[in-house]
Amino acid sequence: MAGSDIAAPPAASAAAPETVKILIAGGFGVGKTTMVGSVSEITPLRTEEPLTVAGLDVDDLKGIEEKRSTTVALDFGRISIGDDLVLYLFGTPGQQRFWFMWNDLAIGALGAVVLIDVRRPESSFAAVDFFERREIPFVVAVNGFHGLHPYPAEEIRESLALPENVPVLLCDARERESCRDVLIALIDRLIDDFTLRSKSPD
């Protein structure tokens with residue numbers, strides 16, 4: 001009514017975005033903390049401690065002699081994919097003595113990124129096995145240190161004996177867009193897996 005003092009009802013608030021828990025896993029020193037920090041839209045939570053002389057007989061620093069600190073619990077970050085999807089990122093500790101924490105971190109995770117260091121691919125074999133055994137969908141991201149990718153993705157797939165439905169992507173854990181592309185590939189895989197399950201007969 002013209003001239004009425006009655007206010008129009010407020011517009012309906014936008015639906016809250018869906019949230020998805022994602023693990024960033026891999027061996028010691030492959031770049032998990034760097035990846036979470038590069039892509040997170042918030043200041044990431046980190047639980048890094050300096051490497052000490054006491055750990056020299058435990059931690060294999062071959063190929064990563066410049067490393068000075070290590071994650072002892074987890075890394076945590078967040079990134080929005082569009083307006084309706086938020087990913088909570090949990091980076092796992094890479095050292096073998098902290099692997100017992102992976103089971104707890106995996107609770108509620110819908111998918112994972114297995115980060116591979118091309119200089120030491122064997123350091124991430126355990127992460128591939130972990131997610132295969134638990135049937136948690138994952139993608140493999142090959143972190144090219146110093147921007148180098150000496151091996152094509154298909155050669156890495158063969159060396160890891162990965163099935164065709166596991167995407168293998170070349171990335172740079174220092175670059176936000178590169179890490180975001182990896183996460184989008186994981187979301188695409190989760191959608192594809194859900195679609196296949198929904199179509200399969202009971």
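This note goes through a few features of a predicted model, point by point.

1. The cores. The largest nonpolar core has 25 residues, and those with the most contacts inside it are Leu23, Val114, Phe131, Phe138, Val140 and Leu162. Two or more residues of this core come from each of the elements E1, helix H2 (102-106), E6, H3, E7 and H4, and H3 gives the most, with four residues. There is also a second, separate core of 24 residues, which includes Val30, Met35, Ile81 and Leu89.

2. Phenylalanine 138. For a student who wants to follow one core residue by eye, Phe138 is among those with the most contacts inside the largest nonpolar core. When its neighbours within four places in sequence are left aside, phenylalanine 138 is in contact with Ala112, Val114, Val128, Phe131, Glu132, Leu162, Val166, Pro167, Leu186 and Arg189.

3. Helix H4. In helix H4 (residues 153-160), the buried residues are Ile156, Arg157 and Leu160. Because they cover an arc of only 105° around the axis, they lie on the same side of H4. As a general rule, an α-helix has 3.6 residues a turn, so residues three or four places apart point the same way. The buried residues of H4 pack against strand E6 (111-117), helix H3 (125-133), strand E7 (138-143) and strand E8 (168-171), whereas the face turned away from the buried side carries the exposed residues Glu158 and Ser159. Just after H4, alanine 161 takes a positive phi of about 55°.

4. Helices H1 and H5. How do the axes of helix H1 (residues 32-39) and helix H5 (residues 176-199) cross? They come within 8 Å of each other and cross at roughly 100°, which means that H1 is roughly perpendicular to H5. On the side of H1, the contact is made by Met35, Ser38 and Val39, and on the side of H5 by Arg176, Cys179, Arg180, Val182 and Leu183. The residues of this contact divide into five nonpolar, one polar and two charged. Met35, which takes part in this contact, is also included in the second core.

5. Threonine 19. This residue has its place in strand E1 (residues 18-26). Is threonine 19 buried, exposed or partly exposed? Its relative accessibility is 46%, and therefore threonine 19 counts as partly exposed. Leaving aside its neighbours within four places in sequence, threonine 19 is in contact with Val86 and Tyr88. Threonine 19 and valine 86 are 67 residues apart in sequence, yet their C-alpha atoms are 4.8 Å apart in space.

Note on methods. Residues are numbered from 1 along each chain as its sequence is written. This is a predicted model: local features need pLDDT of at least 70, side-chain atom pairs count only at pLDDT 80 or more; totals for chains, interfaces and linings use all residues. Side-chain values use heavy atoms; hydrogens and water are left out. Axes are lines fitted to C-alpha atoms, for helices over the stretch in contact, and angles run from 0 to 180 degrees between N-to-C directions. Angles under 35 degrees count as roughly parallel, over 145 as roughly antiparallel, 65 to 115 as roughly perpendicular and the rest as oblique. Contact means heavy atoms within 4.5 Å. Ala, Val, Leu, Ile, Met, Phe, Trp, Tyr, Cys and Pro count as nonpolar, Asp, Glu, Lys and Arg as charged, and the others, Gly among them, as polar. Buried means under 20% relative accessible area, exposed over 50%, partly exposed in between (1.4 Å probe, protein chains only). The arc is that of the directions from the helix axis to the C-beta atoms. A nonpolar core is a set of buried Ala, Val, Leu, Ile, Met, Phe, Trp, Tyr and Cys residues joined through side-chain atoms within 4.5 Å.
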